[in-house]
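Biologist: I would like to learn how to read a structure one feature at a time. Could you take me through one?

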Amino acid sequence: ARALTPQTAETDAIRFLVGTQSLRYDNQIHIIDFDDENNIINKNVLLHQVGEIWHISTSPADKGVLATCYNKTSDSKVMTCAAVWRMPKELESGSHESPDDSSSNTQTLELLCHLDNTAHGNMACVMWEPMGDGKKIISLADNNILLWDLQESSAKAVLSSSAALEGKGQLKFTSGRWSPHHNCTQIATANDTTVRGWDTRSMRQIYCIENAHGQLVRDLDFNPNKQYYLASCGDDCKVKFWDTRNVTEPVKTLEEHSHWVWNVRYNHSHDQLILTGSSDSRVILSNMVSISSEPFGHMVDDDELSDQEDPHQEEKIKEPLQDSVIATYEEHEDSVYAVEWSSADPWLFASLSYDGRLVINRVPRALKYHILL
């Protein structure tokens, strides 16, 4: 398995979706519900009969709707296509009842529409407009950015605008992220060693970080609280943090992994918490507090510092806190292709390795209380 996503529209129950990559069997989407009171994982399986799943993403507005990018073989050529699906009604929201016999009642996804890419090439990923009503999605196909409008309860996708990468060689997008800032009018894309920003209204490039990494850029994510901050990771084993207003140098670089870094994710609530997953089989949780929206911790008012307290205390508070690696998780024995935070619980995250192992972990309690108190 390579594909993992939280169910974005589900903010009460802890739920992740995993897409399989099997050549021999019908591929599946596993709906993973985590009951954190009892530490139990419940699983429901949906058939995805069209092919190996390379990427999966969920609607921000509708719990039942998701998109996948998958391989399809036709005329002995393999194409990566994309489609929008609906899961069965009874599985839409996170439930803690596990079916008695999960093998007997495997259900099938309902196809809502294909994102037709016959003219544009292989689909790398599908991104939903983060704050939207679930009607706007962008797909990256080879060197094309395609903006789609989903109409009639998502049963039809209309291409509303597009842009193409121009330049020498076989230009191909590897991944992209839709920014939650600027009224959702910006996306960032990765191709080869370059990160580019685009305005979705004009489909024009707004910034370009050339040679962002020494090798292929694998993934991107936006800081949810600081509008110009972007993280990238890649095959040079590095994670870099950028301010898109000044792209000559990264603001910070993390060099903790010993192999390709496939995934980087900001915590949605506490943007100093950064998750990364790598082919070194490790998941690393970092506390990048100096470039977060609270670099000095919670500010203390002068009124709170009473006269009898240490007069130097004020100076201590104003120093930026130190960045550090909080924890390294080594429960995987294979390349970790995906890490994701839960949409429902900001202290919980999942990681997925190629051998199909899904691990759910929590932010260490001591750090959680340090951040909250």
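Biologist: Let me start near the end of the chain. Is L373 buried or exposed?

Modeller: L373 is exposed, with a relative accessible area of 78%. Buried means under 20% relative accessible area, exposed means over 50%, and partly exposed is in between (1.4 Å probe, protein chains only). Areas come from the Shrake-Rupley method with a 1.4 Å probe, and for residues only the protein chains shown count as cover. This is a predicted model: local features need pLDDT of at least 70, side-chain atom pairs count only at pLDDT 80 or more, and totals for chains, interfaces and linings use all residues. Residues are numbered from 1 along each chain as its sequence is written, and side-chain values use heavy atoms, leaving out hydrogens and water.

Biologist: Where does L373 lie?

Modeller: In the segment after α2 (365-372). Helices (H or I, at least four residues) and strands (E, at least two) are DSSP runs, numbered from the N terminus.

Biologist: Which residues form a nonpolar patch on the surface?

Modeller: Y369, L372 and L373, with about 350 Å² of accessible area together. Patch residues have over 30% relative accessible area and no salt bridge; like charges are joined within 9 Å, and nonpolar side chains (Val, Leu, Ile, Met, Phe, Trp, Tyr) within 5 Å.

Biologist: Now the aromatic rings. How many aromatic pairs does a search of the whole structure find?

Modeller: A pair is described by the distance of the ring centres and the angle of the planes. Rings of Phe, Tyr and Trp (its six-membered ring) pair if their centres lie within 6.5 Å; planes under 30 degrees apart are stacked, over 60 edge-to-face, and the rest tilted. The whole structure holds seven such pairs. Take Y329 and F349: their centres are 5.3 Å apart and their planes meet at 70°, so this pair is edge-to-face. Y329 lies in strand β25 (residues 324-329) and F349 in strand β27 (residues 348-353), so the pair ties together parts that are 20 residues apart in sequence. Both Y329 and F349 are buried. W341 and F349 also pair, with centres 5.4 Å apart and planes at 70°, so they too are edge-to-face. W341 has a relative accessible area of 0%, which counts as buried, and F349 has 1%.

Biologist: Which residues do ring pairs link into a cluster?

Modeller: W260, W262, Y337 and Y354. Y337 also has a charge over its ring: the charged end of R2 sits 4.1 Å from the centre. K226 lies over the face of Y229, at 4.1 Å from the ring centre. The rule is that NZ of Lys or CZ of Arg is within 6 Å of the ring centre and within 35 degrees of the ring normal.

Biologist: How many residues of strand β26 are buried?

Modeller: Six of the six residues of β26 (residues 336-341) are buried, so the strand is largely enclosed by the rest of the structure. β26 pairs with β27 in the antiparallel sense over five bridges; strands pair if DSSP finds at least two bridges between them.

Biologist: How many salt bridges does the structure hold?

Modeller: A salt bridge is a side-chain nitrogen of Lys or Arg within 4 Å of a carboxyl oxygen of Asp or Glu. The structure holds 14. In one of them, the closest N and O atoms of D62 and R86 are 2.8 Å apart. D62 lies in the loop between β5 (53-58) and β6 (65-74) and R86 in strand β7 (residues 77-86), so the pair ties together parts that are 24 residues apart in sequence. D62 is partly exposed at 24% relative accessibility, whereas R86 is buried at 17%. Another salt bridge joins D235 and R218, again with the closest N and O atoms 2.8 Å apart. Both D235 and R218 are buried. Salt bridges that share partners join D62, R86, K89 and E92 into one network.

Biologist: What is phi of D192 near?

Modeller: Most residues other than glycine have a negative phi. Phi of D192 is near 55°, a positive value. D192 sits in the loop between β15 (186-191) and β16 (194-199). S281 is not a glycine either, and has a positive phi of about 70°. S281 lies in the loop between β23 (273-278) and β24 (283-287). D192 is partly exposed, at 47% relative accessible area, whereas S281 is buried, at 15%.
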